[in-house]
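I opened the model to look up two things.

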Amino acid sequence: MSLARDHNAHIVDQFSQQAEGYAALMKTSPSAAEQAMLALVRPAPDDRVLEACCGPGTMALDLAPHVAHATGLDLTPAMLAQARAEQASRGLTNLDWREGDVYALPFEDEAFSLVLCGGAFHHLERPQSAFAELARVCRTGGRIFVRDVTPEAGKSAGYDRIEKLRDPSHTHALTPDEMSGLGGGLPVQAPELFPNVAAGLRLEPILAASFPETCTIDDIRALILDDARSGEDRLGLAAQEQGGELFVSYPVTTAVWTRL
Ligand SMILES: C[S@@+](CC[C@H](N)C(=O)[O-])C[C@H]1O[C@@H](n2cnc3c(N)ncnc32)[C@H](O)[C@@H]1O
């Protein structure tokens, strides 16, 4: 079995366990996040959308009421089950869901006008190859959006270390510069970058939706508490202890490319 297949098996194992908790976490996201996404994407009624690595359909579901059609693709059937359930509860009909791998998208060249991928590049072993697939299925003049956590270069190693403990399917969170370079050599314009911080998130619900394999949740909490108390932010989470509770912040970048 190839390394990529091993890693994909790891992904499906992790996200089958995480599916229910992750979908619940997404539902509690403030609608401000949806409004910010819509303001950035500016969907048009004739757009055809692909959300790759869609998990519970986070962006595809929010975009569907504004576009002609949206497709969500993910490796993990349990995540797609969450997406279908949410589609039914919202009464949306212009969506479909595909089980598949972002490295080999089962779509024609230039099949979509908007191609999005959120919260997933840090799980990929070959981000450049995945991006090339996103660009392939985006039509000329269409746009590609990649949103992910992007620790600054000096915090990257610490961030990857704690995240690999918390979620063994984590590989490497791109820095903003690395994300910006994803389109190198491909028929896309230089990206516009939109940095943001998902600030002051309670750690406990995140831990409750985590399934570490080489240590316990208590070990992870202890490492983050130690980092918060050190005041050094070695883990890139800006961890803070307030009223006996731990809070973390994730630096996030959305990069937007226009397909040439
Ligand atoms: C953290 S979730 C993000 C879900 C959603 N995009 C969001 O923003 O909330 C990451 C998702 O990426 C999927 N994934 C990881 N590697 C993948 C691959 N090679 N092909 C397709 N999906 C993949 C996982 O199954 C998981 O559902």
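For residue classes I count Ala, Val, Leu, Ile, Met, Phe, Trp, Tyr, Cys and Pro as nonpolar, Asp, Glu, Lys and Arg as charged, and the others, Gly among them, as polar. This is a predicted model, where local features need pLDDT of at least 70, side-chain atom pairs count only at pLDDT 80 or more, and totals for chains, interfaces and linings use all residues. Residues are numbered from 1 along each chain as its sequence is written, and side-chain values use heavy atoms, with hydrogens and water left out.

Entry 1, the cavity.
I looked up the lining of the largest cavity by class and found five nonpolar, no polar and two charged residues. The lining residues are Ile162, Glu163, Arg166, Leu203, Ile224, Leu237 and Tyr250. Helix H6 (residues 156-166) gives the largest share of that lining, three residues. Helices here are DSSP runs (H or I, at least four residues), numbered from the N terminus.

I counted 23 residues around the ligand, and the closest are Tyr22, Thr58, Asp74, Thr76 and Gly118. My cut-off for near is a heavy atom within 4 Å. By class, this shell has eleven nonpolar, eight polar and four charged residues. Helix H1 (residues 3-27) supplies its largest share, five residues.

I found a ligand oxygen 2.7 Å from a side-chain N or O atom of Thr76. A ligand nitrogen sits 2.9 Å from a polar side-chain atom of Asp101. For Glu51, a side-chain N or O atom is 3.2 Å from a ligand nitrogen.

Terms used
1 Å grid on protein atoms, 1.4 Å probe; cavity = no way out; pocket = protein on both sides within 12 Å on 5 of 7 lines; lining within 4 Å. Helix = DSSP H or I, 4+ residues; strand = E, 2+ residues; numbered from the N terminus. Polar contact = N/O pair within 3.5 Å; in protein donor to acceptor, adjacent residues only side chain to side chain.
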